[in-house]
Amino acid sequence: MKLHINENHKLSHIEPEVYGHFSEHLGRCIYGGLFVGEDSEIPNVKGMRADVVEALKEMKIPVLRWPGGNFADEYHWMEGIGPKENRKKMINTHWGGVIEDNSFGTHEYFELCKQLGCKTYVNGNVGSGTVREMSEWVEYMTFNGVSPMAELRKANGQEEAWKVDYFGVGNENWGCGGNMTAEYYGNKFRNYQTYIRQYDGNAPISKICCGANADDYDWTADVLKTCFYKPAPPQAHGFMDGLSLHYYVVVNNWEHKGSATEFSKEEYYRCMKKAYYMDELVTRHDAIMSQYDPDKKIGMMVDEWGCWHDVEPGTNPGFLYQQNSMRDAQVAGATLNIFNKHSDRVKMGCLAQIVNVLQAVILTEDDKMVLTPTYYVLHMYRFHQDADLLDSYLEGANETGVEGEKCKKVNESVSVDKDGVLTITLNNVSEAEDETVTIDFRDREVGAVEGIILNGKVDDYNSFEAPNKVQEKNFAVTECKGKEIELTLPACSLVTLRVTLK
């Protein structure tokens with residue numbers, strides 16, 4: 001198999017936010033995962049769990065979406081500000097029926113993002129909220145002048161306004177966010193986004209419109225039709241800066257998803273086949289978006305993606321706590337390579353979810369913390385952030401799998417950063433067969449090569465008893481000569497190469 005790279009041909013820019021994350025008031029994602037409170041015996045900084053924050057900073061997290069998810073369209077932000085003892089308690093009807101005490105609210109979220117050094121993505125309430133409520137939240141967060149909401153923020157201890165980088169107008173409004181039709185939501189979006197005021201012209205808020213569930217292409221078409229005038233309005237872009245897309249890899253079906261750690265060979269390859277389906281989804285939604293936005297000024301924001309398995313035995317089914325194996329790592333690697341390849345349109349991706357929920361990068365239990373195989377994928381891929389996609393393709397690529405469940409054996413993407421260093425990510429999804437790859441550059445010869453590998457059996461995972469079973473290691477290529485690099489990808493492996501050309 002040969003990977004051809006044209007180091008002279010840059011295709012598009014890979015925004016850092018493509019490697020973003022998603023946090024929701026769900027299970028132990030916020031409470032016990034990201035936030036333990038200032039009185040906790042677990043080391044923390046202003047209530048934020050110190051070990052988790054440091055691990056996420058090392059992973060170079062670019063953006064964090066909050067407060068949902070389903071929770072966003074029942075969240076009323078004023079219940080999460082002010083002295084904690086006065087905050088209203090509520091039932092989290094979506095996730096486990098537990099008490100939500102609102103001790104983690106707006107101020108805590110911005111403190112977390114400050115510690116992480118990442119951009120902010122706030123999701124507003126359209127399903128059960130009002131235009132006024134959303135408008136006042138934006139004023140509370142971003143207005144530095146004299147106004148009721150700015151004064152309230154100051155009274156609660158925050159003198160300076162925060163920066164909201166992205167604001168989502170509702171979440172999954174085709175379902176849990178109100179069971180709306182596309183036309184109805186499109187008109188709601190036009191209404192609500194009007195009142196997301198841009199108080200600071202030097203710090204604009206990107207407005208994200210609720211997009212489709214997986215392959216609901218009609219939703220995309222109908223929302224865009226409703227949000228666009230012909231000719232285009234002076235606001236341009238149909239009032240939006242981004243359109244979301246949600247897609248989860250469910251191995252079997254929604255009623256019986258399958259175990260995160262115990263699965264057959266057929267289930268493994270079915271999982272990978274469904275992961276590759278992301279390419280078709282992005283391609284077809286992009287084609288619809290391009291009918292209205294041919295210049296690709298509107299970003300596709302895949303702000304929920306990942307594997308959704310059955311919860312771990314004995315845990316609250318509403319907490320969506322699942323283990324994370326090399327199978328999940330392969331899904332992450334393939335998905336991120338697909339996003340890179342479509343970086344002319346895909347401007348954000350948020351893995352669901354960051355800690356203790358679904359395909360988490362970190363698991364916690366009391367004061368213990370485990371980095372999952374998916375964590376290492378995001379860590380190895382961090383070099384693609386803010387780099388330029390290079391033209392590349394595989395020659396002689398073949399399939400792997402079992403009868404009825406075949407998929408591409410190897411997936412890849414290549415970028416070059418501002419210093420001229422190339423990042424090549426190559427993944428062999430075969431659970432049993434190695435693959436020899438020759439990398440061929442168009443004009444320039446190879447200088448230095450550094451490699452990292454993540455590999456193991458498809459069902460290997462890290463537990464609190466064995467936290468380092470799967471972790472990234474140094475990787476040496478077989479040979480470098482002239483314009484070529486030769487290497488062998490072991491079965492079930494993900495490899496990142498950092499290459500300097502002469």
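Notes on the predicted model

1. Buried here means under 20% relative accessible area, exposed means over 50%, and partly exposed lies in between, with a 1.4 Å probe and protein chains only. Helices (H or I, at least four residues) and strands (E, at least two) are DSSP runs, numbered from the N terminus. In those terms α9 is mostly covered, with nine of its nine residues buried. The buried residues of α9 are Pro373, Thr374, Tyr375, Tyr376, Val377, Leu378, His379, Met380 and Tyr381.

2. Basis of the values. This is a predicted model, in which local features need pLDDT of at least 70 and side-chain atom pairs count only at pLDDT 80 or more, while totals for chains, interfaces and linings use all residues. Residues are numbered from 1 along each chain as its sequence is written, and side-chain values use heavy atoms, with hydrogens and water left out.

3. Thr372 sits in the loop between β15 (368-371) and α9 (373-381). Thr372 counts as buried because its relative accessibility is 1%. Leaving aside residues up to four places away in sequence, Thr372 touches Asn324, Ala360, Val361, Ile362, Leu363 and Asn462; contact means heavy atoms within 4.5 Å.

4. The barrel. Eight strands close into a barrel with parallel pairing, in the order β2-β5-β8-β9-β10-β11-β12-β13. The twist from one strand to the next averages 30 degrees. Two strands are taken to pair if DSSP finds at least two bridges between them. Axes are lines fitted to C-alpha atoms, for helices over the stretch in contact, and angles run from 0 to 180 degrees between N-to-C directions.

5. Five of the six residues of β8 are buried, so β8 is largely enclosed by the rest of the structure. Strand β5 (residues 63-66) runs parallel to β8 and is joined to it by four bridges, with Lys119 in β8 as the bridge partner of Val63. Strand β8 (residues 119-124) also pairs in the parallel sense with strand β9 (residues 166-169), over four bridges. Gly124 stands opposite Val169 of β9.

6. The open sheet. Ten strands with mixed pairing form an open sheet in the order β23-β22-β26-β20-β19-β16-β1-β21-β25-β24. Its edge strands, β23 (473-475) and β24 (479-481), each pair on one side only. Neighbouring strands of this sheet are turned against each other by 25 degrees on average, direction ignored.

7. Strands β1 (residues 2-13) and β16 (residues 388-395) run antiparallel and are joined by eight bridges; His4 has Tyr393 in β16 as its bridge partner. β16 is also joined to strand β19 (residues 410-416), antiparallel, by two bridges, and Leu389 stands opposite Ser415 in β19. Strand β21 (residues 435-441) pairs with strand β25 (residues 484-489) in the antiparallel sense over six bridges. There, Ile439 stands opposite Ile485 of β25.

8. Helix α8 (residues 326-341) lies across β16, β19, β20 (422-428), β22 (446-455) and β26 (493-501). The angle between α8 and β19 is about 50 degrees.

9. The largest pocket. On a 1 Å grid over the protein atoms alone, a pocket is an open set of points where a 1.4 Å probe fits, with protein on both sides within 12 Å along at least five of seven lines; lining residues have an atom within 4 Å of a point. Grid points are joined across faces, edges and corners, and a volume is the space filled by probe spheres set on the points. The largest pocket holds about 560 Å³ of space. It is lined by 23 residues, and Glu38, Lys84, His107, Glu108 and Glu111 lie nearest its centre. Helix α2 (residues 106-116) gives the largest share of this lining, six residues. The lining has eight nonpolar, seven polar and eight charged residues, where Ala, Val, Leu, Ile, Met, Phe, Trp, Tyr, Cys and Pro count as nonpolar, Asp, Glu, Lys and Arg as charged, and the others, Gly among them, as polar.

10. The second largest pocket holds about 280 Å³ of space. Its lining has 14 residues, of which Asn213, Ala214, Tyr247, Tyr248 and Trp254 lie nearest the centre. The elements giving two or more residues to this lining are β11 (242-249) and α7 (265-292). β11 gives the most, four residues. By class, the lining of the second largest pocket has nine nonpolar, two polar and three charged residues.
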